[in-house]
Amino acid sequence: MSEGLRERKKRQTRQRVSDVALGLFVARGFDNVTIAEIAAAAEVSVNTVYNYFHTKEDLVLPPEEASPQRLADMVRGREPGQSAADAVLARLRQEVSGHERKVGLSEGFGRVLEMMRAAPTLTARLERLAHQMTAELADRLVQETGAESGDPVPQAVAWQLGSLHSMVLSEIGRRTTAGERPDVIATDVLKLIDAAEGLMGERLLGYAVREG
């Protein structure tokens, strides 16, 4: 189904507000820019900004890109024959290979990351988000496997996959901030993912395989 004119205009307005906000945040710092200033620069009303982004933090970490369900969704959408670990490994490889913004490999993201690290509310949100992702994944694994209450395995698997995800993002962030090129980072991070998979045991790699 093709995108209608109204939907296209809304999408374009949302993107313009987001781009303007990020530009101001990078130039002046997250805490030094107001919603009113963003609205004026984007030539929209303050209410329009809030219609698209419920909080100031959402302008940097939109819920659809920084969702607590991120890891759980990877597992939820896996193919028959794939385990939970297979699904997470495959998605991370796809995003790294594609230099996707979700993992911080788009051009110019280094300055955005520096801005985020300088803003306490954003760093706190990122830390909270990582814990939420792991918790949501653990809940999903319980549902998928029918694990009994108190079974520690889903939580342990979720923690290991969450740690892998955090390691990948941390390595990309460190090297992006240092000014390395996305293609160079991606090549090395793919090797890092391969190394991590090689260290995983059979029980983890074979956990929660989706039946055909």
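"Buried" here means under 20% relative accessible area, with exposed over 50% and partly exposed in between (1.4 Å probe, protein chains only). The model is predicted, so local features need pLDDT of at least 70 and side-chain atom pairs pLDDT 80 or more, while totals for chains, interfaces and linings use all residues. Residues are numbered from 1 along each chain as its sequence is written, and side-chain values use heavy atoms, leaving out hydrogens and water.

**View 1. Thr134 in helix H7.** Thr134 sits in H7, residues 120–145 (helices are DSSP runs of H or I, at least four residues, numbered from the N terminus). Thr134 counts as buried because its relative accessibility is 19%. Leaving aside residues up to four places away in sequence, Thr134 touches Ala158, Trp159 and Gly162 (contact: heavy atoms within 4.5 Å).

**View 2. The largest pocket.** This one holds about 630 Å³ of space. Lys102, Leu113, Met116, Leu126 and Leu169 are the closest to its centre, out of 25 lining residues. Helix H6 (109–117), H7 and helix H8 (153–177) each give two or more residues to the lining, and H8 has the largest share, with six. By type, the lining splits into 14 nonpolar, six polar and five charged residues.

**View 3. The second largest pocket.** Here there's about 170 Å³ of space. Of 13 lining residues, Arg14, Gln15, Ser18, Pro62 and Glu65 come closest to the centre. The lining has five nonpolar, two polar and six charged residues.

On a 1 Å grid over the protein atoms alone, a pocket is an open set of points where a 1.4 Å probe fits, with protein on both sides within 12 Å along at least five of seven lines; lining residues have an atom within 4 Å of a point. Volume is the space filled by probe spheres set on the points, which are joined across faces, edges and corners. Ala, Val, Leu, Ile, Met, Phe, Trp, Tyr, Cys and Pro count as nonpolar, Asp, Glu, Lys and Arg as charged, and the others, Gly among them, as polar.
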